[in-house]
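Hi there,

Here is the structure I promised to send over.

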Amino acid sequence: MAGTALRRRLTWQLAELVEVDAETPRVKTIVFDVPDWPGHRAGQHVDVRLTAEDGYQAERSYSIASAPDGTRVALTVQRLEDGEVSPYLTDELRPGDKIELRGPIGGYFVWEPSEGGPLMLIAGGSGIVPLMAMIRTRAAAGDDTETRLLYSSRSQDDVIYRDELERLSGNGLTVVHALTDSQPPGWTSYARRVDAEMLAEVAPLPAERPRFYACGPTPFVEAVAEALVELEHDPVAIKTERFGPTGR
Amino acid sequence: MDELMLDRNAIAGLLQEVFAADMTTAVGTCGNCAAAGPVGAVQVFRGAGIVLRCPHCGNNLAKIVKSDSRVWIDLRGIRTLEVTV
C-alpha cells in the first residue's frame, strides 16, 4: 500500500518541545509534539539532528520513553559532560523550540502486548528508557503479561522513573532494584552488579520460555547476555540493545 | 569486549534510509559460518567506517562509510539478506 511505503521512508520532521521534566540530576525527559508522527512501538528509537549556524550537523539516536500517545513523543536523555548533543537537549532547549527528528526506527528490539511473555527486562542505568516504554505500553493497554524488571543503578538518586515504577508495580509487574555503588540505610535488595546468580533468582525459569530484553552500556549487556546463555535460556529469546558511542 | 562497539541504533536509521525498509528485522546469513539471524542482533564496530560483524563467528558482514552526500556499503560477508516488504 502506498501509505505504508511512504511511512517507511524516513524523513526528517520538525518536532516542537512541549515539556521538560527532570528525572535525576543528570537525566531529563523531553517531550515533543511531532505533527506527522505515524505512531510507534515500545522499544523503537528516533534519530535527532541538530544543525549549527555554520551548517555543521550532529546526529544522535535516542530511545523513545513513552507509550504510543498521538503526536507526543517523550525521550529521556542523560547529559554526557563531553557530549555534543545531549547537553543541548537537556540544558538549552526550551518549550516552543524546534529540532529535527526522524522515526520511529527499528523493529527488532520491540515488544507489544500481543507478543506475550513472561517478560524479563534487564536495565543498566539509562538503559531503562526503551524498557520503560514497554512497561508503560503494557500499563496503558491494561495488559497483565507477567513482567519482571531487574534494574541496576549506581545509587538510589540515579534511579530513573523511581516513583512511576513503584506506582506501576503489581498486576503482574515486579520491579527489583540493584544499587551498585551506594545504598540507602536499611536497603534490603541487591547491592552489587548484575550477575548470573542474581539473574537466576530474578528471572523466570528457562522452561517458562521468558522473553528477554536487556539494555545498558556495552559491558553490562554483554555480561547479562553471557550469563543468560550460561543459565540455559534460549539465545534467540534474548534481545539486547547497547548504549554506547554512536559512531557519528 | 571492545570499547569501539557501537550502539546498533546508530546504523538502523542509516540502513532504513538506504533500503527504505526496517533492516533490524531483516534476516542475514553469514557468508562465513552460515548462521542466520536478524540484522538487529549483529555486532557493530567503528573501523574504517562502520563494521557489522557476525555475532557467532566474528566475520565482517558489511562495512558502511557515510559522507555528506553518499553512503558506500560493502556487503561481501553477507550471503543472503531477507527483507520483509
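Let me start with Ala34(B), which is exposed because 12 other C-beta atoms lie within 10 Å. Ala34(B) sits in the loop between β1 (27-30) and β2 (36-38) of chain B, and its phi is positive, near 70°, although the residue is not glycine.

Please keep in mind that this is a predicted model: local features need pLDDT of at least 70, side-chain atom pairs count only at pLDDT 80 or more, and totals for chains, interfaces and linings use all residues. Residues are numbered from 1 along each chain as its sequence is written, while chains are lettered from A and ligands numbered from 1 in the order in which they are written.

Chain B as a whole has one helix and seven strands, in the order α-β-β-β-β-β-β-β from the N terminus. Here helices (H or I, at least four residues) and strands (E, at least two) are DSSP runs, numbered from the N terminus. Of the 85 residues in chain B, 36% are buried.

In chain A, Asn171(A) also has a positive phi, about 50°, without being a glycine. Asn171(A) lies in the loop between α4 (162-168) and β9 (173-179).

Chain A also holds cis peptide bonds. One runs from Gly103(A) to Pro104(A), with Pro104(A) in strand β6 (residues 98-105). Another joins Gly117(A) to Pro118(A), and Pro118(A) is in the loop between β6 and β7 (119-124).

Best wishes

Methods. A residue is buried if 20 or more other C-beta atoms lie within 10 Å of its own, exposed if 12 or fewer, and partly exposed in between; C-beta atoms are placed from the backbone.
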